[in-house]
Amino acid sequence: MSTRLGSLVRKTAFIGSVEMLTVVITAVSGLLIVTVLPKEDYAFYTVIVPCMTLALGIPDMGLGHCAMPFVGL
């Protein structure tokens with residue numbers, strides 16, 4: 001039982017560390033985007049990223065069949 005618990009703790013620590021690394025990379029890239037891009041490009045980025053997130057999230061929610069009549073498929 002102790003081996004099983006140790007394995008679970010190691011797996012949880014690994015997943016947590018990967019998740020934390022992803023959050024840090026996202027935060028650093030967000031700060032770089034804000035400071036490096038000109039205003040016009042940042043405005044474009046601000047509009048496009050939520051649109052892409054929504055477009056990629058629709059199939060994940062199972063709403064693809066609901067959207068097909070609107071796009072003509």
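The predicted model of the protein has a mean pLDDT of 83, and 85% of its residues reach 70 or more, pLDDT being the predictor's confidence in each residue, from 0 to 100. Local features need pLDDT of at least 70 and side-chain atom pairs count only at pLDDT 80 or more, whereas totals for chains, interfaces and linings use all residues. Residues are numbered from 1 along each chain as its sequence is written, and side-chain values use heavy atoms, with hydrogens and water left out.

The protein contains 3 helices and 0 strands (DSSP runs of H or I, at least four residues, and of E, at least two, numbered from the N terminus). Confidence is highest in H1, at a mean of 89, and lowest in helix H3 (residues 64–71), at 67. Where pLDDT is low, the predicted coordinates should not be read in detail.

Of the 73 residues in the protein, 1% are buried (under 20% relative accessible area; exposed is over 50% and partly exposed in between, with a 1.4 Å probe and protein chains only). The protein exposes about 6,600 Å², of which carbon and sulfur atoms supply 77% (Shrake-Rupley method, 1.4 Å probe; for residues, only the protein chains shown count as cover).

Helix H1 comprises 35 residues and spans 51 Å from its first C-alpha to its last, close to the 51 Å expected at 1.5 Å a residue (1.5 Å times one less than the number of residues). The count of buried residues in H1 is 0. Leu-32 lies in this helix (residues 2–36) and counts as partly exposed because its relative accessibility is 49%.
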